[in-house]
Amino acid sequence: MKAPTTQNKPGTAVALKLVAVFLFMVMAAMIKVATQNVPSGQAVFFRSFFAMPIIIAWILHAGEMREALTPNNLTGHIWRGLFGTTAMALTFAGLALLPLPEVTAIGYATPMFTVILAAIMLGEKVRLFRISAVALGLVGVMIVMWPRLSVDMATVGTAGTIGALMVLGASILRALVQIHIRTLVKTEHTAAIVFYFSLTATTLSLLSLPFGWIVPTATDAILLIGAGLIGGIAQILVTASYRFGAASMLAPFDYTSLIFAALIGYLIFAELPTSETVIGASLVVLGGVLIIWRERQLGGGRRRARAVTDPKG
């Protein structure tokens, strides 16, 4: 298997990662608009199907199509696809109900749940430092979600509560994805992991066809197709960034997505982050950075797993 880091060009790595994070936020904004009319399962299909030509072109350019088509652990790819596709559908459904910055902030819970699940499923030892970082991050998540969980339904709608719980559920499923990828990277090529996720996500999303797919308007179709193409490009840029810089160095730049989400949310949707979102997100980011710093010391499969994980599903 090729190592994800082949050259040491930190400037190039950071630039690729920042562009990818920005494109993922643009994609999320397009999905947010489209899912006001289109079911989230249908949006997952467009996101996955129209990303595939970009991903296949990237694999062909890298000369890795043979590796992409020859999985050693097909069952592992199916489980990764199931968890990842469900997480994507829940995130897209949450985007239709919540402000973009809030969805982004709740999504930052994924590293916290990854630590917890790694201890349960992989038997990893979690000492006081990481336990404290996880607790700090989860407190931040609860601060972000607290207004949605309030019993005062006069000020907080049920839809917002459901949306927040969907995004939280997606964060837990993405943590499961991280756990499975840590296993997959031991036997699977990066190209196979990326290709089979797109294939399984496209296939699994078709199962939602009986549950209300519609003929999208021209505007929605353009948004959905564009989201797929942009998502595919962003996924490739993320993977490429880890060829030029260490995952532990690049990981904190994931949190720039909150800045991009706030800007896009304000400019397009007239959304402003609430004080709870800002305070809670700050604690989640701090907890996440502490976990990243600790995992930099632990190293191993975490770095390889991060290099093939799509931040948005």
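A crossing of two helices is called right-handed if the near helix is turned clockwise from the far one by less than a right angle, and left-handed if the turn is anticlockwise. With that in hand, here is a look around this predicted model.

Take helix 7 (residues 110-121) and helix 9 (residues 158-184): their axes come within 8 Å and cross at roughly 50°. Angles under 35 degrees count as roughly parallel and those from 65 to 115 as roughly perpendicular. Helix 7 and helix 9 are therefore oblique to each other. As for its hand, the crossing of helix 7 and helix 9 is right-handed.

**Salt bridges**

Now for the charged side chains. Side chains of opposite charge can pair when their charged atoms come close. How many salt bridges does a search of the whole structure find? The search turns up 4, and the table shows some of them, including the pair of Lys-17 and Asp-254.

| Salt bridge | Closest N and O atoms |
|---|---|
| Lys-17 with Asp-254 | 2.9 Å apart |
| Glu-271 with Lys-32 | 3.5 Å apart |
| Arg-148 with Glu-102 | 2.8 Å apart |

Start with Lys-17, which pairs with Asp-254. This bridge links distant parts of the chain: Lys-17 is in helix 1 (residues 10-34), while Asp-254 is in the loop between helix 12 (247-250) and helix 13, 237 residues apart. Is Lys-17 buried or exposed? Lys-17 has a relative accessible area of 0%, so it counts as buried.

Helix 1 turns up again in the next pair, since Lys-32 lies there too and Glu-271 sits in the loop between helix 13 and helix 14 (275-298), so this bridge ties together parts that are 239 residues apart in sequence. Glu-271 is buried, at a relative accessible area of 12%, and Lys-32 is buried as well, at 6%.

Then there's Arg-148, which forms its salt bridge with Glu-102. Here the partners are 46 residues apart, with Arg-148 in helix 8 (residues 128-149) and Glu-102 in helix 6 (residues 100-107). Both Arg-148 and Glu-102 are buried.

**A nonpolar patch outside**

Finally, have a look at the surface. Which residues form a nonpolar patch there? They are Ile-259, Leu-263, Tyr-266, Leu-267, Ile-268 and Leu-272, and together they have about 700 Å² of accessible area. One of them, Ile-268, has its place in helix 13 (residues 257-269). Ile-268 counts as exposed because its relative accessibility is 55%, and the cut-off for exposed is over 50%.

Note on methods
Residues are numbered from 1 along each chain as its sequence is written. This is a predicted model: local features need pLDDT of at least 70, side-chain atom pairs count only at pLDDT 80 or more; totals for chains, interfaces and linings use all residues. Side-chain values use heavy atoms; hydrogens and water are left out. Patches are made of residues with over 30% relative accessible area and no salt bridge: like charges are joined within 9 Å, nonpolar side chains (Val, Leu, Ile, Met, Phe, Trp, Tyr) within 5 Å. Accessible areas come from the Shrake-Rupley method with a 1.4 Å probe; for residues, only the protein chains shown count as cover. A salt bridge is a side-chain nitrogen of Lys or Arg within 4 Å of a carboxyl oxygen of Asp or Glu. Helices (H or I, at least four residues) and strands (E, at least two) are DSSP runs, numbered from the N terminus. Buried means under 20% relative accessible area, exposed over 50%, partly exposed in between (1.4 Å probe, protein chains only). Axes are lines fitted to C-alpha atoms, for helices over the stretch in contact, and angles run from 0 to 180 degrees between N-to-C directions. Angles under 35 degrees count as roughly parallel, over 145 as roughly antiparallel, 65 to 115 as roughly perpendicular and the rest as oblique.
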